[in-house]
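These are my notebook entries on one protein chain.

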Amino acid sequence: MPGAIFLDRDGVLCENRATYVKAWQEFDWIPEAREALSIFARLQMPVVIVTNQSAINRRLTTFESVHSLHRRMRRAIRDAGGRVDAIYVCPHRPEEGCACRKPGLLLFRRAATELGFEFARSYLIGDSLSDLQAGWNLNLEVILVRTGLGEETASRLDGAAGRVHIVRDVLEAARWIETASRQENERGHSFAEPAISASPGGDVL
Ligand SMILES: [Zn+2]
């Protein structure tokens, strides 16, 4: 049984903003993110976005605005041939100590229960350490993009660098996963390393 593809939103699909991405007008696509989503849509795996949106509980925006933004985002993704199966949002500020804010695992577990997949053979794509930590704690295949906060995160990995695949952006991640899942299908269900790997510079070798 295949797992899922977990995506972070800000820094992976759209550019981060110091003042938060609160409305569709503030949503700037990372170049080629929609092409990446069209590749994910061809794989037999749920595509799930898990995103920390503390701007909600900072009262800078509302759940309704975030949902409205996500409706527009999903429409644009569909128009580009992509698919998002579910979006999970943590509205809390860090100091609230909730269980859903990444690296908390609550939203990941809820997704697995609600969509009916297992974490084995699942992937996580993120740009911040909190994304990576959640992925490591769930034993996912963890992919760090250099977009968003990714460059800075990559410089802070220290000894953890071997536990993460570093790629240029979500499109390179999509191609990597596509290759990995094809090889996995060809070899039965042993977990196979993809034939391509990313160099520290992010180039495909
Ligand atoms: Zn939360």
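**Entry 1: L115.** I located L115 in helix α3; helices here are DSSP runs of H or I with at least four residues, strands are runs of E with at least two, and both are numbered from the N terminus. I worked throughout on a predicted model, in which local features need pLDDT of at least 70, side-chain atom pairs count only at pLDDT 80 or more, and totals for chains, interfaces and linings use all residues. Residues are numbered from 1 along each chain as its sequence is written.

By the cut-offs I used, 20 or more other C-beta atoms within 10 Å make a residue buried, 12 or fewer make it exposed, and counts in between make it partly exposed, with C-beta atoms placed from the backbone.

Setting aside residues up to four places away in sequence, I noted that L115 touches A4, P46, V48, D85 and A86. Contact requires that the C-beta atoms of two residues, placed from the backbone, lie within 7 Å. I also checked L115 against Q133, 18 residues apart along the chain, and read a C-alpha separation of 22 Å.

Entry 2: I placed N57 in the loop between β2 (47–52) and α2. I counted 18 other C-beta atoms within 10 Å of N57, which means that N57 is partly exposed. Beyond four places in sequence, N57 touches P91, H92, R93 and E96. For one of these, R93, I read a C-alpha separation from N57 of 6.1 Å, although the two are 36 residues apart along the chain.

I found G81 in the loop between α2 (63–79) and β3. G81 has 13 C-beta neighbours inside 10 Å and therefore counts as partly exposed. Its contacts, leaving aside neighbours within four places in sequence, are S38 and A41.

**Entry 3: D127.** I placed D127 in the loop between β4 and α4 (129–137). How many C-beta neighbours does D127 have inside 10 Å? I counted 27, so D127 counts as buried. Leaving aside neighbours within four places in sequence, I listed its contacts as D8, G11, V12, L144, V145, T147, G148, L149, G150 and T153. R187, by contrast, is 60 residues from D127 in sequence and 31 Å from it in space, C-alpha to C-alpha.

**Entry 4: backbone exceptions.** I kept in mind that most residues other than glycine have a negative phi, and most peptide bonds are trans. Y20 is not a glycine, yet I read a positive phi of about 75° for it. Y20 is found in the loop between β1 (5–7) and α1, and is partly exposed, with 16 other C-beta atoms within 10 Å.

R121, also not a glycine, has a positive phi of about 60°. I located R121 in the loop between α3 and β4 (123–126); with 18 C-beta neighbours inside 10 Å, R121 counts as partly exposed.

Where is the cis peptide bond? I found that it joins K102 and P103, with omega about 15°. P103 lies in the loop between β3 (86–90) and α3 (106–115).

**Entry 5: α1 and α6.** I examined how helix α1 (residues 33–42) meets helix α6 (residues 170–186): their axes come within 8 Å and cross at roughly 15°. That angle makes α1 roughly parallel to α6, a term for angles under 35 degrees. The axes are lines fitted to C-alpha atoms over the stretch in contact, and angles run from 0 to 180 degrees between N-to-C directions.

From α1, I listed A33, E35, A36, I39 and F40, which meet V170, L171, A173, A174, R175 and E178 in α6. The residues of this contact divide into 8 nonpolar, no polar and 3 charged. Ala, Val, Leu, Ile, Met, Phe, Trp, Tyr, Cys and Pro count as nonpolar, Asp, Glu, Lys and Arg as charged, and the others, Gly among them, as polar.

Within α6, I noted V170, L171, E172, A173, A174, W176, I177, A180 and S181 as buried. Their cover includes β1, α1, β4, β5 (141–145) and β6 (165–167).

Key:
Parallel < 35°, antiparallel > 145°, perpendicular 65-115°, else oblique.
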